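Hello,

Here is the structure we talked about passing on. Please open it first, then read my notes below.

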Amino acid sequence: MTGHDFTPDEMMAIAASRALSNTDVCFVGIGPPSAACNIARLTHAPDITLIYESGTIGTAPDVLPLSIGDGELCDTALTTVSVTEMFRYWLQGGKITVGFLGAAQIDRFANINTTVVGDYENPTVRLPGGGGAPEIASSSQEIYITMKQSKRGFVEKLDFFTSFGHGEGGDHRERMGIATKGPTLLITDLAIWKPDPVTKELTVVSLHPGTTKERVQQTVSWAVRFSDDLQETPAPTEEELSVLRALKARTAAAHAGNRVETA
C-alpha cells in the first residue's frame with residue numbers, strides 16, 4: 001500500500017481510465033490496458049467502443065479477459081469480424097482513435113519491446129511477441145501505454161525493437177512516413193508521462209499521490225525529465241475504486257470457476 005487507501009496498481013489503472021472519452025474507439029491490449037478501458041466504460045465513458053484483436057467490436061466484458069481469444073469478449077460484443085477486416089478496415093482505415101498498449105520494456109522515446117528480454121537467439125525471457133502491437137502503434141490515431149515502472153522495464157536501449165513509438169525522437173515518425181501521432185501518454189504506477197512536443201522524449205507531467213521525483217528516478221535507467229509545471233494526479237474517487245475492485249473480484253471468481261454475477 002502507499003499510505004493512502006489505494007495501491008499503486010489501482011492508481012495506475014484509474015489514472016489510465018481517465019484518459020479515455022465516451023466517443024473513443026479504442027483498440028485494447030490485454031492486461032493493464034484492458035483494466036483501464038473497462039473501468040472507463042463502467043464509469044465516465046459508457047458509450048466507448050472497445051475493440052480487441054480477435055475481431056470483437058463494442059465488447060462489454062463483465063470480467064477481464066485472459067487473452068484476446070477469451071469467450072467473454074465474443075459473448076458480450078456487438079459483433080465479431082474477421083481479423084483481416086479488423087486490421088485492414090478498422091485499424092488501417094484510421095477508425096481507431098486510441099490504441100492502448102502495455103510493454104515489457106520501453107525507452108525514453110516510447111518505443112516498445114514485447115518480444116524478448118536478452119539476446120534474441122538465447123533470451124533470458126521470451127515474451128508473447130508483437131502480435132498486432134506494431135500495426136496498432138503505427139495506425140491508431142494515437143497511442144496510450146500503461147505499465148509499472150522498474151529499471152528492468154524503463155531501459156536506455158531496448159533488447160528488441162517491437163513497436164515504433166517516436167523512434168530516435170523529434171520528427172522520426174514523420175520521416176518514416178507514419179502520419180499518426182504515436183504515443184501521447186504513458187501511465188505508470190508512479191506517474192503520468194507525455195512526450196516533449198519537440199524532442200518527443202518522455203517527460204513526467206504528474207506524480208501520483210505520495211510519489212517523489214527521487215522515487216521515479218530510481219525506477220528508470222535514463223535521466224528523467226520532469227515538467228516545469230509538475231502536477232499531482234488526483235487520487236481515486238470512491239466510485240472509481242469500488243468499480244475497479246468489483247471488476248477485479250468478479251474476474252478472480254470467474255477464473256477460479258466461481259463466477260460472481262453483477263447486480
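In which sense do S11 and S12 pair, and over how many bridges? The model is predicted, so please read everything here with that in mind. In it, S11 and S12 pair in the antiparallel sense, over 2 bridges.

Strand S11 covers residues 183-187, and strand S12 covers 191-195. The two form a hairpin, with 3 residues between them. Look for Leu 186: it stands opposite Trp 193 in S12.

S12 has a further partner. It pairs with strand S13 (residues 202-207), again in the antiparallel sense, and here there are 5 bridges.

How enclosed is S12 by the rest of the structure? Largely, because 4 of its 5 residues are buried.

**Helix H1**

S11 and S12 are also among the elements that cover the buried residues of H1. The others named there are H2, S5, S10 and H8. H1 is mostly covered, with 8 of its 11 residues buried. Those buried residues are Glu 10, Met 11, Met 12, Ala 13, Ile 14, Ala 15, Ala 16 and Ser 17.

**H1 against H2**

H1 and H2 pack at an angle of about 60°. Their axes are 8 Å apart. The two helices are therefore oblique to each other. Their crossing is right-handed. On the H1 side, the contact uses Ala 13, Ala 16 and Ser 17. On the H2 side, it uses Ala 36, Ile 39 and Ala 40. By class, this contact has 5 nonpolar residues, 1 polar and no charged.

**H2 against H8**

H2 (residues 32-42) also packs against H8 (residues 238-255). The angle is about 120°, and the axes are 10 Å apart. That makes H2 oblique to H8. This crossing is right-handed. From H2, the contact takes Asn 38, Ile 39 and Leu 42. From H8, it takes Val 243, Leu 244, Leu 247 and Arg 250.

Is H2 mostly covered or mostly open? It is mostly covered: 9 of its 11 residues are buried. Among them are Pro 33, Ser 34, Cys 37 and Arg 41. The buried residues of H2 pack against H1, H8 and four strands: S1 (25-28), S2 (49-52), S5 (98-101) and S10 (142-146).

S5 is covered on both faces. Val 98 and Phe 100 are buried on one side, and Gly 99 and Leu 101 are buried on the other.

Which strands pair with S5? S1 does, in the parallel sense, over 3 bridges. Val 28 stands opposite Phe 100 in that pairing's S5 strand. S10 pairs with S5 as well, in the parallel sense, over 4 bridges. There, Leu 101 has Ile 145 of S10 as its bridge partner.

Best wishes

Methods. Residues numbered from 1 in each chain as written. Predicted model: local features only at pLDDT ≥ 70, side-chain atom pairs only at ≥ 80, totals over all residues. Heavy atoms only, no water. Axes fitted to C-alpha atoms, helices over the stretch in contact; angles between N-to-C directions. Parallel < 35°, antiparallel > 145°, perpendicular 65-115°, else oblique. Left-handed = near helix turned anticlockwise from the far one by under 90°. Contact = heavy atoms within 4.5 Å. Buried < 20%, exposed > 50% of the residue type's maximum accessible area, 1.4 Å probe, protein only. Pairing = 2+ DSSP bridges. Nonpolar A, V, L, I, M, F, W, Y, C, P; charged D, E, K, R; others polar.
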